[in-house]
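This report looks first at a whole chain and then at one part of it. Please keep the sequence and the structure in view while reading.

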Amino acid sequence: MRLLFLFGCFLAMMSCVAAQEDNAQVTAREDDIQGWDAWLENLRESFIDAGISEQTFDRALGNATPDERVLRLDSEQPEFVRPIWEYLETAVSPQRVSKGREMAARYGDLLARISDEHGVAAEVLVSIWGIETNYGGNKGSLHVPRSLATLAYGSDRHEFGRTQLLSAMHLLEEGVMSSEAMVGSWAGALGHMQFLPSNYQAYGIDYDGDGVRDLSESVADALASAAGFLQAKGWHRGESWGMEVVVPDEFDYGQARSSVRKTGKDWERLGVAGVGGSLPASEGYLLLLAGHRGPVFFVGENFEVLKRYNPSTAYALAVSRLSDCLSDCTELLKSWPVGDEVLSRGEKISLQRGLVAEGYDIGVDGIVGPETRAALRSWQRANGEIADGYPTRSLLQRLNGK
C-alpha cells in the first residue's frame, strides 16, 4: 500500500510539473504570437512602402502564424549536417541515376536546345533537377510566404528571409502565381529546380512561350531558367566540373584549399594525377572533404558556379557526381572513411577551444572554416601528424590530451 501511495504521489507531482511546463509553453507561445503580430504589422507597412499592395500582403500573410517546422528544418539541412558519404549515398543513389537517365532521354530534344543556347550540359541540368526535387516528384508543400516570414522573424537568417519574402510578394503582385499556389520548400524555394523568389524574379524564363514564367508546372521553363542562371553566374561552356585525383605520399595538404588555384599542368608537376585521364588545362583547386584518408578532387570554375546555385560544397559535389553517373557511373578510386563520426557543434567548439589553448588565434563558433582548418593543420604538423586539417573525434581527444 505504501508503494502505491508513493507511486500516486509521484504521478501527482509529475502531473503538476507537466502542467507547469504546459502553462509556461502556452505563455511563451502567446508572447511569441504577440511579438509576431507587432512584427508582422511593421513588415506590412514597410512592404507597402516597397510597392506591395495591401491586398497582396493580406492575402498571403493576413492570418499567418510562425511555422515551427521551418525553424527545425533550417537547423537540419542534410548537406550541412550529414557526413559527406551519407549525403552522397542518397543524392547519387542507383534509383536517382536510373530515373535521371530516363528523364534525360524523355526530354532529350528540349535539353539539347537549352544546352545549345546557354552552354550548360544537359546532364548538369538533369542532375540539379534530380537532387532538388527528384525530377519534380517533391517540389515542397509548405506555403512559401509563411515559411519566409518565419525565417525573417525567428531565425539567424532573418535578412535572407525578409529579402526573399519581398521578392515572393513581388511575384504575387505581378500575378506570376497566386498565394495559394505558392508552395515550396521550407526555405522558400519554388518549382522543379527550386528557385528562390529573388532568382525567380531575375532569371525566370517563359521558354515554352505560353506567356507565363511557370517554374512549378512547366518543365521547359524550369530547365531553361536554371540554365540561364548558371550561364549568368559564369558557367564555362564545354568545361567539366573537375575529377578525382591522386596525390603523392608526401603531399602538402595545406595546398588543398580553395584559395590555392593552379592549372592542371601545374598540379601535375607537383605529382597530382587525374583518375582516368589528364587534368584539365584550366585552373582549379584541390577539394579535400574527409582528410587524407578520403578522396581528393580537382575542381574548376564550373564547380564554383554550382555553389552559386547552392552554397554547400557537398551539394555541388553531388550534382557533379550525378552528372557523371548519367553517362558513366564509375566508382571512386579512394573510399570515404565511413567509420568516422562527424563532430557535433559542441565538439567543434571544444576543438576550437583546444586550439586556442595551444596558442592559436581563432574564433570559437562551432564552424570549422578555413581559419580553424589552418590552425588544425599547424597543430598536426607540430605534433608529427599528417596535416590535412580534418577534424575527427580521435584528433579532438588527442588535442585535449585524452
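How far apart are the mean positions of the positive and negative charges of the protein chain?

## Charges and overall build

In this predicted model, the mean positions of the 38 positive and 57 negative charges of the protein chain lie 5 Å apart. The C-alpha atoms of the chain fill a box of roughly 70 × 70 × 45 Å along the principal axes, and the chain contains 18 helices and seven strands.

Of the 402 residues in the protein chain, 46% count as buried, while the chain exposes about 19900 Å², of which carbon and sulfur atoms supply 50%. Among the contacts with a separation of 6 or more, 65% are between residues 24 or more positions apart.

## Helix α8 and its surroundings

Helix α8 covers residues 122-133, and its twelve residues reach 17 Å from the first C-alpha to the last, which is close to the 16 Å expected at 1.5 Å a residue. Just after α8 comes Asn134, which takes a positive phi of about 55 degrees.

Is α8 largely enclosed or largely open? Because eleven of its twelve residues are buried, α8 is largely enclosed by the rest of the structure. The buried residues include Val124, Leu125, Ile128, Trp129 and Ile131, and also Glu132 and Thr133. What covers the buried residues of α8 includes α5 (84-91), α6 (94-106) and α7 (108-118), together with α12 (219-232), α14 (301-309) and α15 (313-325).

Technical notes
Residues are numbered from 1 along each chain as its sequence is written. This is a predicted model: local features need pLDDT of at least 70, side-chain atom pairs count only at pLDDT 80 or more; totals for chains, interfaces and linings use all residues. Side-chain values use heavy atoms; hydrogens and water are left out. Helices (H or I, at least four residues) and strands (E, at least two) are DSSP runs, numbered from the N terminus. Buried means under 20% relative accessible area, exposed over 50%, partly exposed in between (1.4 Å probe, protein chains only). Contact means heavy atoms within 4.5 Å. Accessible areas come from the Shrake-Rupley method with a 1.4 Å probe; for residues, only the protein chains shown count as cover. Lys and Arg count as positive and Asp and Glu as negative; His and the chain ends are not counted. The place of a charge is taken as NZ of Lys, CZ of Arg, CG of Asp or CD of Glu. The expected span of a helix is 1.5 Å times one less than its number of residues.
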